[in-house]
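Good morning, and thank you for making time for this.

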Amino acid sequence: MKVGMVGARGYVGETLLRLLAAHPSFEVAWVSSSSQAGTSLRSLFGDDVPDLSLEAVAPGERHPEVLVLALPNDASAEWVAAHPDAITVDLSADHRFDDSWTYGLPERHREALRSARRIANPGCYATAAQLAI
């Protein structure tokens, strides 16, 4: 599946890029960061990330199969609206309590995640607390 990532230059984006680069079912097709457009991912993160440069991509300009939003809180709405057909994973807190999104904690929602089209990433503290309980 072809993946587009918005907000790829942060820590979460970097970590996910490494995982996607090593996964046989995903191809990172493009990565977006308006503040560092033109910068090579490998110059930022090393050789174990895709050999791509950051681009200034506007919502709706590209049409990935999977859209990963590694944006700050309250910044995902425009991207979600512009990509209604993409499987979307929002790494911010924007959709964690939205019933139309699947809460992305596989230890509790594995079956629902298999067919989910909108996945809200749980936060690290929430994940730790839920798994401990």
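Let me begin with a question: is R18 buried, partly exposed or exposed? R18 is partly exposed, because its relative accessible area is 25%; here buried means under 20% relative accessible area, exposed over 50%, and partly exposed in between, with a 1.4 Å probe and protein chains only.

Two remarks on the basis of these values. This is a predicted model, in which local features need pLDDT of at least 70 and side-chain atom pairs count only at pLDDT 80 or more, while totals for chains, interfaces and linings use all residues. Residues are numbered from 1 along each chain as its sequence is written, and side-chain values use heavy atoms, with hydrogens and water left out.

R18 belongs to helix α1. Helices (H or I, at least four residues) and strands (E, at least two) are DSSP runs, numbered from the N terminus. Setting aside neighbours within four places in sequence, R18 is in contact with F45, D48 and V49, where contact means heavy atoms within 4.5 Å. By way of comparison across the chain, the C-alpha atoms of R18 and G60 are 25 Å apart, at a separation of 42 residues in sequence.

Let us stay with α1, residues 11–22. At 1.5 Å a residue, its 12 residues should span 16 Å, and the end C-alpha atoms are 17 Å apart, which agrees; the expected span is 1.5 Å times one less than the number of residues. Within α1, the residues G13, L17 and L20 are buried. Seen down the axis of α1, the buried residues fall within an arc of 70°, so they line one face of the helix; that arc is taken over the directions from the helix axis to the C-beta atoms. Y11, L19 and A22, on the other side of α1, are exposed. The cover over the buried residues of α1 includes β1 (2–6), β2 (27–32) and α2 (41–45).

Beyond four places in sequence, L17 touches M5, A8, V28, V31, L41, F45, V49 and P50. The largest nonpolar core has 20 residues, of which M5, A8, L17, V31, L41 and V68 touch the most other members. Such a core is a set of buried Ala, Val, Leu, Ile, Met, Phe, Trp, Tyr and Cys residues joined through side-chain atoms within 4.5 Å. Two or more residues of this core come from each of β1, α1, β2, α2, β4 (66–69) and β5. There is also a second, separate core of 11 residues, which includes V6, V57, L71 and W101.

I turn now to the sheet. Seven strands form an open sheet with parallel pairing, in the order β3-β2-β1-β4-β5-β7-β6; two strands pair if DSSP finds at least two bridges between them. Which strands lie at the edges? They are β3 (54–55) and β6, each pairing on one side only. Further in, β4 and β5 pair in the parallel sense over four bridges. L67 has T88 of β5 as its bridge partner, and V68 stands opposite V89 in β5. In a regular strand the side chains alternate between the two faces of the sheet. Both faces of β5 are covered, with I87 and V89 buried on one side and T88 and D90 buried on the other.

D90 also takes us to S92, in the loop between β5 (87–90) and β6 (102–103). S92 counts as buried because its relative accessibility is 2%. Its side chain makes a polar contact of 2.9 Å with the side chain of D90. A polar contact is a pair of N or O atoms within 3.5 Å; within protein, one must be able to donate a hydrogen and the other to accept it, and residues adjacent in sequence count only if both atoms are side-chain atoms. A polar atom of the S92 side chain also lies 3.1 Å from the backbone nitrogen of D94. Beyond four places in sequence, S92 touches L69, L71, P72, N73 and N121.

D74 lies in the loop between β4 and α3 (77–82). At 74% relative accessibility, D74 counts as exposed. Its phi is near 70°, a positive value in a residue other than glycine.
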